[in-house]
Amino acid sequence: MPNIISMIIKRLGLGVLTLLLLSLLIFLSVEALPGDLAETILGQQATPETVAAIRKELGLDQPPLTRYLNWLGGVVQGDFGNSLALKKPISGLIAPRIQNTLFLTLYTAAIAVPLSIILGLAVSLFRNSYFDRITNTTALAAISMPEFFVGYVMIYFFALSGYFPSMANINANTPLLDKLYLCFLPALTLTLVVTAHMMRMTRAAIINVLALPYIEMARLKGAKPSRIIVRHALPNAIAPIVNVVALNLAYLITGVVIVEIVFVFPGLGQLMVDGVKFRDVPVVQATALIFASAYVGLNLLADIISTLSNPRLMRQR
Amino acid sequence: MSNSRNPKHDISTEVSDKETQIKAKKLQESFISGKISRRNFVSTSVAIGVSLAGATAVVNQVEAATPKSGGRLRMGITGGATSDVLDPGQILDAYMINVSMGQVRPNMTKIMPDGSVEGDLASGWQASNGAKTWKFDVRQGVEFHNGKTLDSTDIVDSIRHHMGPDSKSGGSGVVSGIASIKEDGKYGVVVELNEGNGDLPILLSDYHLNICPSKGDGSIDWESGIGAGPYTLEEHEPGVRTLTKKFANYWNTGNESHFDEVETLGINDPTARLAALSTGAVDAINNVPAKTASRLKSMVNVKTLISTGNKQCTMPMLCDVAPFDDQNVRNAIKHIINRQELLDKIFFGYGQLGNDNPVGPANYFRANTDELPQREYDPEQAKYYLKQAGLSSLSVKFHAADTGFSGSVDAGALMRESAKAAGIDIEVVREPNDGYWSNVWMVKPWSACYWSGRPTEDWIFSQIYYSKADWNDTHWNNSSFDKLLVEARSETDEAKRRDKYVEMQRIVHNDGGLALPVFLSEIMGYRSNITVPDQIANNWELDGHLAARRWWTA
């Protein structure tokens, strides 16, 4: 157990360092983009005087280093600052978006994770059968199509016929059942996008384990193939499966902006894209930090679970 | 609005003798204006010899065109962003224009469907001193959503919000000609301009200049979203969704507010917009790409709405760079553009032919085809101009990218083919989209560009074609044009003013560096549960963005 705690502490420390580097990187990238918020807001009607007035008000006339350090000072104290465009605290802006994004992530995960693990177990049970081949081909086809296209296909089949809405424009007051109904198509689209990865990893991990001598032993003692896979093979294949599940969950939080746009879903991705478009640096920084924390956190969680699932790792050192 | 209520069927065409025709016309007018009942109208028409079918047709048309109160309008609109603010000075795009000016906070003036300007919160105005001094009457009995009565202070503070050296408003350019604005009693406002400008009422319809309640200290309350419009702001998630509800004490109820509530949704993806319209998730959408407009026609219960305003694609030539420094070369180029082909092939026919004149269909003093004949594709004429320039052949580069205008590279390829007949060789240079406005436009001698157009002739001429304009993207310098521009601005006699503007259009057409092949249409779609008047405004999409005020439930 002490092993695990020291690992968590070490990993958290590294995570914080990662986030710090990342925030610097993002800040520099947005700086490198041409134009700033003042110019974007004014568009064609920009005159040097109005641009200067807005820059002065927002503090954009200060050198970049000062602005970065000011921002960092605030974050350390838990203050993400104000959105430059809205002049409102970012936390209030982000909170509903995080809720929406987490809702969609959990919704998708609730469908995709059990589905892909069960399918993965099933195809390894019947490997090289027609079932195995058809499932694999379908899953690979789904992952190979760009996700916006999968979204359009879903709209074509399920929305234009009137079964499900094409717009998932939920808000904080939408009742849960309505939310599940409104978000069904985006969740289904994302399920199709992430299932193949998790299913094939499950299959590969199980098949890998199935080649080991102790499985042969189990078979010799007369255990049923399904019992061998679930009882004997799965526990030893958990580590790679959990890792790939964590990666895909992180992807669901961070990488779904295109699906958000197709289904008009008010999520974090859209917020970040708008932030970049208007050069609203604090919003970009805050969303980037959330995304990065999701990656760091979920990977840490995956490592903890795979360590716990492996007694050898627990006792070593 | 009266236009939309005129029925297409006219019962006077059914009867033959003159006297009965006049009788029938009068009868129809009394029915349309509501002076006689439907039963009375039908029985009298039949008595003077009109067929029952004819009379019923008029009844049906009139009733369909009579606005019905109630129901809900849901619009899927582009241009919304999470960073949208309610500050009228920072309104950027369609979504916020529609919500703010179109639903919640009207301006002093508005553009009517026929292109004329009318008072909105201003009930009237008089210009004096060569259109330098303007007196506006503030409409009386107008109430803001919070119960406050509209008076001159609200108007003055709302306009001052955009003025001054520290202005952060996108509308600062519009009000830059205003020297001072002050109250003249409770219901009067006096505006002094730096120089005479007969267009002031039109300028005041600019989408930034929404009227908000004054806080009493010279500033305005824009934060609350309170205005004097037909709808009150109930829920507002920037760039995502806005819900407004009918304002019970709206001054113009019955004429300009028919829905109980209006829901505005930000849908930036064109496919998502079309899907939302076809599944009935929204009742109307803007910005349908020309490529997919034919799809709308195949949808059940969906109608297409097209308006052609001043949005224009242009091909500016720099008049101070060889070979375009020769007027003859510019004219040769203008004659090798096959406008009809560009309109049909690049824009799928959704637009209007341009005539190398930036004054468009939504402008008031636009020259008609008698005053300024349409320039056609004419390689012989082009050859003639080349000869005038002392050239037997010409080879030029056309710089294009989709940022300039969508399809400009293909347009260049078509021009290359059509120019061969005149011995002109056009090399189409595809430029990167990034940095196009700073590295290509106004830098390369001939490039692609677009403008959303301006509501007044003076505005577009002063901003782009005046020799000292910041955006003189043709580097054109014509002293007689500049002189007319200043004269026309303060001319108060409308006929004389028109003559001057037509003359200026002629000068740009013949001498300018502007090649303007096409005015682009706005393509919109709406469902048949909504009624749209026959005539819609073309200054902005969605009936000048006043759809929530001018449309009603079918």
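Two bridges join strand β11 of chain B, residues 284-285, to β17(B), and the two strands run antiparallel. That pairing is my way in. Keep in mind that this is a predicted model.

Now the next partner. Strand β12 of chain B covers residues 302-316. How many bridges join β12(B) to β17(B)? The count is 11, and again the strands run antiparallel. For one place to look, find B:Gln312. B:Phe519 in β17(B) stands opposite B:Gln312.

On to strand β13 of chain B, residues 351-353. β13(B) pairs with β17(B) over three bridges, also in the antiparallel sense. Here, B:Leu353 has B:Val518 of β17(B) as its bridge partner.

A quick reminder about strands in general. In a regular strand, side chains alternate between the two faces of the sheet.

Back to β17(B) itself, residues 514-527. Why do we call this strand largely enclosed by the rest of the structure? Because 13 of its 14 residues are buried. Buried here means that 20 or more other C-beta atoms lie within 10 Å of the residue's own.

Next, chain A. What is it built from? Chain A has 15 helices and zero strands. Its C-alpha atoms fill a box of roughly 85 × 60 × 35 Å along the principal axes. Chain A has 317 residues, and 37% of them count as buried.

Think about contacts along the chain. Take those in chain A with a separation of 6 or more. Of these, 74% are between residues 24 or more positions apart.

How is chain A divided? Domain 1 spans 2-76, and domain 2 spans 90-314. The centres of these two domains of chain A, taken over C-alpha atoms, are 31 Å apart. The contact between them takes 18 residues from domain 1 of chain A and 17 residues from domain 2 of chain A.

Let's stay on the domain 1 side of that contact. Which elements give two or more residues to it? They are α1 (2-32) and α2 (37-42) of chain A. The largest share comes from α1(A), with 12 residues. What classes of residue are on this side of domain 1? There are 10 nonpolar, six polar and two charged residues.

To recap: β17(B) is largely enclosed, and chain A has helices but zero strands. That's my tour.

How values were computed:
Residues are numbered from 1 along each chain as its sequence is written. Chains are lettered from A and ligands numbered from 1 in the order in which they are written. This is a predicted model: local features need pLDDT of at least 70, side-chain atom pairs count only at pLDDT 80 or more; totals for chains, interfaces and linings use all residues. Domain bounds come from an automatic or database domain assignment. Two residues are in contact if their C-beta atoms, placed from the backbone, lie within 7 Å. Helices (H or I, at least four residues) and strands (E, at least two) are DSSP runs, numbered from the N terminus. Ala, Val, Leu, Ile, Met, Phe, Trp, Tyr, Cys and Pro count as nonpolar, Asp, Glu, Lys and Arg as charged, and the others, Gly among them, as polar. A residue is buried if 20 or more other C-beta atoms lie within 10 Å of its own, exposed if 12 or fewer, and partly exposed in between; C-beta atoms are placed from the backbone. Two strands pair if DSSP finds at least two bridges between them.
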